[in-house]
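User: I am new to this structure and would like to be guided through it. Please show it first.

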Amino acid sequence: MYNFGDCMTSYIDPYEEAKKQLRSTVELLGLGYDVYEALATPERVIQVKIPVRMDDGSVKVFIGWRSQHNSALGPYKGGIRYHPDVTMNEVIALSMWMTWKCSLAGLPYGGGKGGVRVDPKRLSIRELERLSRGYFAALAEYLGVDLDIPAPDVYTNPQVMAWYFDEFSRIKGGLYYGVVTGKPVEIGGLEARIYSTGLGVAISAREAAKKLLGGIEGRTVAIQGFGNVGYYAAKFLEEMGAIVVAISDSRGGIFNPRGLNVGEVISVKEKTGTVVNYDKAEKKITNEEILELKVDVLIPAAIENVITEANARNIKAKIIVEGANGPTTVEAERMLTEAGVIIAPDILANAGGVIMSHIEWVNNRIGGWITEEEARRKLEEKMIASFNNTWNFWESKLDKTRHNLRAAAYAVAVDRVVKAMKLRGQL
Ligand code: NAD
């Protein structure tokens with residue numbers, strides 16, 4: 001807690017949080033402090049200076065990072081975010097979470113993450129291109145098809161990936177399609193990448209509902225956040241027979257106990273900028289109220305730390321599926337676990353994006369082609385296997401009144417990384 005005169009700001013350091021989660025997993029698995037220390041420290045963190053020639057002729061300097069947390073299971077994998085508030089510790093924490101996410105999904109990848117401290121909305125398209133090329137060029141010696149493979153994250157998109165790919169190929173001489181994933185379809189990307197995270201979230205919700213409620217058909221769902229993850233999760237859940245009763249975005253939410261038409265809601269959002277203008281809803285609700293609705297499944301798919309000790313007791317959903325990264329605080333999770341609420345954690349539920357990235361990367365490496373149906377089927381198989389693996393560990397090895405599915409997901413993920421490190425003589 002920092003005290004700036006009258007203004008009290010509480011700051012949660014994500015790297016400290018990530019280390020706490022790691023420590024409790026290491027304890028749960030009965031492993032020693034040496035293991036904790038080996039996993040808490042990233043293998044390499046690179047800071048780069050990126051001078052960019054602005055359109056007015058001046059030069060502006062930006063700072064960027066790439067954290068390569070662990071490569072025991074394979075090349076580092078993880079997105080690059082452009083954000084004015086990004087910090088080195090945030091990037092390190094995100095790279096650690098990627099190690100666990102890839103491990104849990106059974107992918108031959110380690111964990112990495114990158115960030116550039118910039119407000120991309122203030123740059124012209126050409127300035128953004130120069131920044132992106134500059135960042136990738138500064139990191140080129142640390143990246144590679146078998147070394148470190150970035151992807152999109154907050155405020156980076158397929159166009160930015162195209163510039164990265166082009167810059168890397170120019171520097172190295174050749175065409176290195178597999179050096180980034182999430183590329184446009186014309187240069188080695190996959191059609192299914194756009195909806196893969198949302199589809200994975202919907203599959204996680206369906207599998208959890210099968211275990212706990214006898215199926216997803218006819219079950220009610222509330223979704224906070226209606227962007228890439230929230231929209232596609234809603235669309236696929238509707239197709240699976242669930243009733244999407246509430247949807248929100250940053251401007252507020254809408255509720256209809258008989259169900260909303262997801263296709264109609266997205267066209268209203270596209271036309272007017274927000275779901276709030278959808279006029280067939282029974283009533284408008286706030287982003288606080290959407291979390292406390294009496295529904296079967298709640299999907300936070302917007303931002304972090306929305307389910308806290310302040311509202312955990314009011315949550316009535318039986319299942320929470322984390323589309324967003326880190327929506328539930330540690331204390332809220334303790335309260336929800338005691339109350340018997342099942343949480344499909346972020347590293348499990350939102351892994352669809354990185355799984356599809358792996359399918360893209362394999363396809364690029366073999367110079368092959370894959371149909372959208374085939375890519376989707378592979379994603380579905382992997383999500384179900386990952387869910388069952390986590391569920392079985394939880395049921396057979398953990399005290400369910402004290403631990404939620406997150407503890408099981410972390411245990412499975414960390415155990416796999418530790419085994420690989422031991423086999424490689426790193427531990
Ligand atoms: P997005 O920018 O496409 O959409 C975010 C949505 O959240 C928007 O509808 C926005 O209006 C809404 N929102 C923003 N602030 C809000 C608030 N305070 N209350 C309610 N709604 C709010 O982002 P996205 O790609 O859908 O990502 C959402 C979350 O999922 C993030 O935590 C992200 O890290 C995580 N995630 C995304 C992917 C992916 O492939 N896109 C993969 C893994 C995890």
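User: Which residue has a backbone N or O atom 2.9 Å from an oxygen atom of the ligand?

Analyst: This is a predicted model, in which local features need pLDDT of at least 70, side-chain atom pairs count only at pLDDT 80 or more, and totals for chains, interfaces and linings use all residues. Residues are numbered from 1 along each chain as its sequence is written, and side-chain values use heavy atoms, with hydrogens and water left out. A polar contact here is a pair of N or O atoms within 3.5 Å. The residue whose backbone lies 2.9 Å from a ligand oxygen is Val 229.

User: How much of the ligand's accessible area does the protein cover?

Analyst: On its own the ligand has 830 Å² of accessible area, computed by the Shrake-Rupley method with a 1.4 Å probe.

User: Which residue has a side-chain N or O atom 3.1 Å from a ligand oxygen?

Analyst: A polar backbone atom of Gly 227 is 3.2 Å from an oxygen atom of the ligand. The side-chain atom at 3.1 Å from a ligand oxygen belongs to Asn 325.

User: Are helix 1 and helix 2 roughly parallel or roughly antiparallel?

Analyst: Helix 1 (residues 14-28) and helix 2 (residues 33-40) have axes 10 Å apart, at an angle of about 150°. Axes are lines fitted to C-alpha atoms over the stretch in contact, with angles from 0 to 180 degrees between N-to-C directions; helices are DSSP runs (H or I, at least four residues) numbered from the N terminus. Angles over 145 degrees count as roughly antiparallel. The two helices are therefore roughly antiparallel.

How values were computed:
A polar contact is a pair of N or O atoms within 3.5 Å; within protein, one must be able to donate a hydrogen and the other to accept it, and residues adjacent in sequence count only if both atoms are side-chain atoms. Angles under 35 degrees count as roughly parallel, over 145 as roughly antiparallel, 65 to 115 as roughly perpendicular and the rest as oblique.
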